[in-house]
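Here is a walk through one protein model, strand by strand. Keep the structure in view as you read.

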Amino acid sequence: MFNIYYINYTKAYEIAMLVDNKVLESKTKEKEGTVSGHLEGDFEETSLTKVPFIGKYMPKFDFSGEVTGEKSSKVIDTVKVIMTKSTTLDRIYDKAKEIQKLKNKEMGSLIRLKDVSLKVKNENDILGAKTLLSGAIGDIAVDGVGNVNLSTLLEVMFKDSSYILEGTLPKSKDGKEEKICIKIPMQAENEMENQYSISDLEIGKVTIVGIYRGCFNENELDRKLNKLSNQTDGNDTTYDINIAGDDEEEVADGVHYIDVIAIVQDIRF
């Protein structure tokens with residue numbers, strides 16, 4: 001069982017339909033019960049024969065017999081199945097392969113990473129953008145144009161912006177730590193599930209379900225993912241692209257990028 005912090009439901013639903021495109025609406029359970037009885041008796045005399053005066057008129061008799069009985073019942077329960085984000089994700093969670101090491105992992109693999117520590121990498125950029133998108137600054141006057149709604153303008157500018165989170169996997173047997181990177185699209189509200197916030201992902205360890213996309217040069221990956229930072233600081237610095245593919249050597253001390261489907265907290269009883 002698990003508790004969902006974040007889920008890309010559109011992506012999860014499409015993959016779940018590839019796993020099994022049949023949606024269960026209801027199921028019926030039948031219960032049968034049987035009751036049986038058994039009775040034997042052997043009577044040589046009745047207690048009335050010992051009663052003075054009455055007893056001499058009561059004949060003695062022997063009785064030997066068997067009485068059996070059986071009763072059966074059937075109960076039919078119809079259960080309505082409720083489709084939720086958790087039940088949809090459960091299909092993918094079971095299919096995803098749990099791994100402890102990403103080195104030499106095939107690109108496109110559906111994987112599950114447990115006990116991952118995450119940290120928001122572009123926290124300062126996000127804080128500034130959130131403040132502006134919250135409507136704290138209303139209309140502004142622009143010469144020759146008039147009043148411009150700043151919040152609407154910023155929503156267009158930041159529509160492709162995302163939280164960039166970096167994390168580390170538990171150390172392997174050789175003592176090495178592997179770094180991973182994921183992104184979560186930034187929205188004005190309802191980015192996370194169950195009233196969690198992005199900061200909750202930094203508390204403790206989580207489980208990530210996603211698709212492995214390969215090992216990248218950290219600077220190059222950051223430039224590609226962090227559009228918000230590029231817009232705010234005017235950074236036009238270029239980097240050499242260095243991506244580990246099937247026919248290339250893996251990037252030394254690179255970052256493994258995971259196309260995240262969901263982030264969950266495993267629940268144990």
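Two strands pair if DSSP finds at least two bridges between them. Helices (H or I, at least four residues) and strands (E, at least two) are DSSP runs, numbered from the N terminus. The model is predicted, so local features need pLDDT of at least 70 and side-chain atom pairs count only at pLDDT 80 or more, while totals for chains, interfaces and linings use all residues. Residues are numbered from 1 along each chain as its sequence is written, and side-chain values use heavy atoms, with hydrogens and water left out.

Start with strand 9, residues 179-185. Strand 8, residues 162-168, pairs with strand 9 in the antiparallel sense. The pairing runs over 7 bridges. Within it, Lys 179 of strand 9 stands opposite Thr 168. Strand 9 is also joined to strand 11, residues 255-266. Here the two strands run parallel, with 3 bridges. Cys 181 faces Tyr 257 of strand 11 as its opposite residue.

Now move to strand 5, residues 110-120. Strand 4, residues 97-98, pairs with strand 5 in the parallel sense over 2 bridges. Glu 98 stands opposite Arg 112 in strand 5. Strand 5 also pairs with strand 10, in the antiparallel sense, over 5 bridges. There, Ile 111 has Gly 210 of strand 10 as its bridge partner. Strand 8 returns here too: 4 bridges join strand 5 to strand 8, and the two run antiparallel. Val 120 is partnered by Leu 165 in strand 8. In a regular strand, side chains alternate between the two faces of the sheet.

Look next at single residues. Lys 97 lies in strand 4. Is Lys 97 buried or exposed? Lys 97 counts as exposed because its relative accessible area is 52%; the classes are buried under 20%, exposed over 50% and partly exposed in between, with a 1.4 Å probe and protein chains only. Lys 97 touches Lys 105, Leu 110, Ile 111 and Arg 112, leaving aside residues up to four places away in sequence. Contact means heavy atoms within 4.5 Å. Lys 97 and Ser 109 are 12 residues apart along the chain, and their C-alpha atoms are separated by 8.2 Å.

Ser 86 belongs to helix 2, residues 85-95. Its relative accessible area is 32%, so Ser 86 is partly exposed. Ser 86 touches Phe 2 and Ile 4, again not counting residues up to four places away in sequence. Ser 86 and Ile 4 are 82 residues apart in sequence. In space, C-alpha to C-alpha, they are 7.3 Å apart.

Asp 266 is found in strand 11. Asp 266 is buried because its relative accessible area is 11%. Which side chains make polar contacts with the side chain of Asp 266? One is that of Tyr 93, at 2.5 Å. Another is that of Thr 207, at 2.6 Å. A polar contact is a pair of N or O atoms within 3.5 Å; within protein, one must be able to donate a hydrogen and the other to accept it, and residues adjacent in sequence count only if both atoms are side-chain atoms. Beyond residues up to four places away in sequence, Asp 266 touches Met 1, Phe 2, Tyr 93, Lys 114 and Thr 207.

Turn to the cysteines. Cys 181 is buried because its relative accessibility is 6%. Cys 215 is buried as well, at 2%. How many disulfides does a search of the whole structure find? It finds 0, where a disulfide is a pair of cysteine sulfur atoms within 2.5 Å.

On a 1 Å grid over the protein atoms alone, a cavity is a set of points where a 1.4 Å probe fits but cannot get out, and a pocket is an open set with protein on both sides within 12 Å along at least five of seven lines; lining residues have an atom within 4 Å of a point. Grid points are joined across faces, edges and corners, and a volume is the space filled by probe spheres set on the points. The structure holds 1 cavity of 30 Å³ or more. The largest cavity has a volume of about 70 Å³. Cys 181 is one of its lining residues. Helix 5, residues 218-225, gives the largest share of that lining, 4 residues. The second largest pocket holds about 160 Å³. Strand 11 gives the most to that pocket's lining, with 4 residues. Tyr 257 is among the residues lining the second largest pocket.
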